[in-house]
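Let's walk through this structure together, one part at a time. Please keep the sequence and the 3D view open as you read.

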Amino acid sequence: MVLYAHGMPIGQISESSEDSFNQATLITCVKKQDFKLAKLYLMQCYSGYQGNVSILWNELDKFIETRKSKEPEKYKYMNRSEFLGEYKKATIYYYQEIFKRLTDVEITDISINGEILSIKVRVNWKNEWSHYVVDQPNITYQGVNVLGVDIWPLQVFCNYISELFTTVQDKCKQIPWSSWLNSTNKN
């Protein structure tokens, strides 16, 4: 199986037409076939992502609009904070349903701060897929795929250089430059 698509760390896969689903759904479909894939090539960004994902959403207005358009009588008198509670419940249900059949993906926290919904998930997509492939899955994209090259190592390198530069700056701030300059001017 070969898949080319757009992807996100939480597992969302989308087509150019913006139709999307979660790779957990794809894993479930493969699992239902009751056999393993001979080879697997996932070529979307973050297809092999391992780690913690934290996503902030402020889609409350869209959620309210959708609910009111589908069932106007039911939601006619509901206030914003009641919608916020419904929004959280619906999101929790959505992700619990998607991830419930997986072993290497886990929701660690869902909370609301104001109207912003925060979801934290621990994922290991490569390990999750390895249960359904005879050979190890060929999933090379830990980060963003740019023209067929995973820039994840470049992102890690840039983060390292940034941290190193900050450390050097902090060390330089601790040097008593005025005494050093005075000693060099005397020589």
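Which residue in strand 8 is the bridge partner of Val53? Look across to strand 8 and you will find Val121 as that partner. Before following this pairing further, please keep in mind that the model is predicted.

The protein holds seven helices and ten strands. It has 187 residues, and 32% of them count as buried. If you take the contacts in the protein with a separation of 6 or more, 63% come from residues 24 or more positions apart.

Three of them make up an open sheet, arranged in the order 6-8-7 with antiparallel pairing. Strand 6 (50-57) and strand 7 are the edge strands, and each of them pairs on one side only. Going from one strand to the next, the twist averages 15 degrees.

Take the strand 6 side of the sheet to begin with. Strand 6 and strand 8 run antiparallel and are joined by eight bridges. The Val53 and Val121 pair belongs here, and Asn52 likewise has a bridge partner in strand 8, namely Arg122.

Then turn to the other side of strand 8. Strand 7 covers residues 105-113 and strand 8 covers residues 116-124, and these two pair in the antiparallel sense over eight bridges. You can trace the pairing at Val105, whose bridge partner in strand 8 is Val123, and at Ser111, which stands opposite Ser118.

How much space lies in the largest pocket? The answer is about 650 Å³. Helix 2 (60-70) and helix 4 (80-99) are the elements that give two or more residues to its lining. The lining has 14 residues, and those nearest the centre of the pocket are Trp57, Glu59, Lys62, Tyr87 and Tyr94. By type, the lining residues divide into six nonpolar, four polar and four charged.

One last stop is Thr28, in helix 1 (residues 23-32). Is Thr28 buried or exposed? Thr28 counts as buried because its relative accessibility is 11%, and the cut-off for buried is under 20%.

Definitions and conventions
Residues are numbered from 1 along each chain as its sequence is written. This is a predicted model: local features need pLDDT of at least 70, side-chain atom pairs count only at pLDDT 80 or more; totals for chains, interfaces and linings use all residues. Side-chain values use heavy atoms; hydrogens and water are left out. On a 1 Å grid over the protein atoms alone, a cavity is a set of points where a 1.4 Å probe fits but cannot get out, and a pocket is an open set with protein on both sides within 12 Å along at least five of seven lines; lining residues have an atom within 4 Å of a point. Grid points are joined across faces, edges and corners, and a volume is the space filled by probe spheres set on the points. Helices (H or I, at least four residues) and strands (E, at least two) are DSSP runs, numbered from the N terminus. Ala, Val, Leu, Ile, Met, Phe, Trp, Tyr, Cys and Pro count as nonpolar, Asp, Glu, Lys and Arg as charged, and the others, Gly among them, as polar. Two strands pair if DSSP finds at least two bridges between them. Axes are lines fitted to C-alpha atoms, for helices over the stretch in contact, and angles run from 0 to 180 degrees between N-to-C directions. Buried means under 20% relative accessible area, exposed over 50%, partly exposed in between (1.4 Å probe, protein chains only). Contact means heavy atoms within 4.5 Å.
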